[in-house]
Amino acid sequence: MKSITQRFGRKQRSYGKQKALWGIAYVMPWLLGFIFFFLIPLLTSLIYSFSTVTANSEGIGITFMGMKNYVTAFTVNTSFNRMLTEAIVNMAVNVPLIVIFSLFLAVVLNQKFLGRSFARSIFFLPVILASGVILTLESSSLVQAINDQNAGSGGLINALGSFELERLMLQAGVSETIVNYLTGAVDRIYEIVSQSGVQILIFLAGIQTISPQLYEASKMEGATGYEAFWKITFPMVSPLILVNMIYTIIDSFSRNELTDLIKTTGFVQFDFGLSSAMAWIYFLAISIILLISTYFVSRKVFYHE
Amino acid sequence: MSVSRWLSLESWKRWLWSFIRLTLIAGLSFVILYPILQKISTAIKDKADLYSPVVVWIPENFTMSNFLDAIRIMDYWETLFNTFALSATTTVLTAASCALAGYGFARLKFKGSQLLFACVVLTILVPPTTILIPIYLNLKDFTLMGLIPLLTGKSVNLLNSYWPFILTSLTANSLKAGLYIFIFRQFFRGIPKEVEEAAYIDGAGVGTTFTRIMMPNAIPAIITTTLFSFVWQWNDSFYTTTYLTSSKVMSTQLSSLPYNLSIMLGSDPSKADPFYLSMVQDTGILLAILPLIVIYLFVQRYFVESIERTGIVG
């Protein structure tokens, strides 16, 4: 009897162990890549940022320099400070707008109306089009500029629209900063729409997992659509607000001038040390922002379990 | 009486909301489609129409010469083939390796797998710029832990080949691969454990269960990740311009299009008409995104009607 249980126990353990071994095998390709294409480069880059790197035919020479590269990045380089602050300010302005806007659109696109699937496929189009090189080139299109000039009337209406809105809100006694923020958002609508494709997708997926019974029950109790949104939809998707916020922050940082500056410093001026130092400051800035925002948002997040 | 009044108020409210919704969606759809429509209109315009004040959308003189110019300068067909080969290879390899890793993290728990998954999240958070230079130098003198110099006597330069893309995607560390691992893990966690256990009881091993049971169930997640990875690789200029300096792929050809055009025009690049350059560049962008739009037309229904099963949320 004892031997049977023993054997049984051993067999169970070995089954668990077997699965763990398979787990290691399945994760192995990623682990190798993680070590060789991520961890080692990350540490190397940290070392580079503290030293002067000279690359010649014999290989790479590294001389330890202390904090010199970091000091250079902040005090000597002419544009680093400005670009870093610009990137952070832009992010602080855009992230709340994108998250709120994409939540709103996801709620709208979840309702039943004629042509819903058509509208959805248009709204997901920016996921494909507004990325990488196309976005960079689009902003420098001269034809677009000249067409906007030619179609002067259209531009005028546009300006008039947000101008009217501004006047209306100022008269209603809304604070000037908020008015400027909102009208600025209206003027940059393309930028915001084109950056919220993935976020709409995530929110929509989240809203569709909410069980319809909740809405039915609330309707029976006499809740309006507005109340149902704030009492059901909003708490249920609040974990995704956190996810989307993090995604938007990372995404907004992957498409700015600073990335180009770091790249030019590294590959055009061949100042690998300075470039690594800039990249590390940049990484630290992102981490601090992520930590702070995650801390504040995650306290408000409602988890179903 | 009161009931009918209440009904009519309610129906008024509903009518008003659908009107607002229609306006909003139509307006925003226009905002999204506007650049594409404008590019189409620019691409079929003649050079003369560019300065004509009466032409806004529909050109007076239709022409295909912009397309022909852009196709010739970009070496379109060769570029298309190269880009397609590159994107397809990385997509297939990335999806395979990320699915493996995602399944490993979701179902085959081992000591330290939590910690390793935290590392996956770290790869999402660290900007690629931070690790670009060491990777670049590493690929320039690729030694594979000193193995290659032992065999051939010297290290190999992997730059300007597809090897950097193949190696990183084979090891699930290509562009945004952390995100795909995350999606796969969430999705596999959502598949009931009973399905897997039934397979084990019927005598399937871990490998068979994965390929025969789990993968067919994971088709929505596979579509999401392959579409994302294909599109982002297609549009990527960050890694492409670093790893591939002289090969002809879409993103490098697009960014050097105006320069190549002005060289072809034969004059001093600084004297060429900037509007004409921009016009051909717009045509080039249109040509570059055309294959993506065609692909999107085929796969969009998976996004549109069954998003909850794409595994993004789990």
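1. A nonpolar core is a set of buried Ala, Val, Leu, Ile, Met, Phe, Trp, Tyr and Cys residues joined through side-chain atoms within 4.5 Å. Buried means under 20% relative accessible area, exposed over 50%, and partly exposed in between, with a 1.4 Å probe and protein chains only. The largest such core has 153 residues, and A:Trp30, B:Phe105, B:Phe188 and B:Trp232 have the most contacts inside it. Helix H3 of chain A (residues 80-110) gives the largest share, 15 residues. Helices are DSSP runs (H or I, at least four residues), numbered from the N terminus. The core lies between domain 1 (16-64) and domain 2 (78-299) of chain A, because both give residues to it; the domain bounds come from an automatic or database assignment.

2. This is a predicted model, in which local features need pLDDT of at least 70 and side-chain atom pairs count only at pLDDT 80 or more, while totals for chains, interfaces and linings use all residues. Residues are numbered from 1 along each chain as its sequence is written, chains are lettered from A in the order in which they are written, and side-chain values use heavy atoms, with hydrogens and water left out.

3. Over all chains there are 29 aromatic pairs. Rings of Phe, Tyr and Trp (its six-membered ring) pair if their centres lie within 6.5 Å; planes under 30 degrees apart count as stacked, over 60 as edge-to-face and the rest as tilted. A:Phe229 and A:Phe234 make a tilted pair, because their ring centres are 6.3 Å apart and their planes at 50 degrees. A:Phe229 is buried at 19%, whereas A:Phe234 is partly exposed at 29%.

4. What kind of pair do B:Phe105 and B:Phe117 form? The pair is edge-to-face, because the centres are 5.4 Å apart and the planes at 65 degrees. B:Phe105 lies in helix H3 (residues 76-107) and B:Phe117 in helix H4 (residues 113-125) of chain B, so the pair ties together parts 12 residues apart in sequence. B:Phe105 is buried, at 1% relative accessible area, and B:Phe117 is buried at 10%. B:Arg185 lies over the face of B:Phe117, 3.9 Å from the ring centre. A charge counts as over a ring if NZ of Lys or CZ of Arg is within 6 Å of the ring centre and within 35 degrees of the ring normal.

5. In chain A, 88 residues are in contact (heavy atoms within 4.5 Å) with 94 residues of chain B.

Key. Helices (H or I, at least four residues) and strands (E, at least two) are DSSP runs, numbered from the N terminus.
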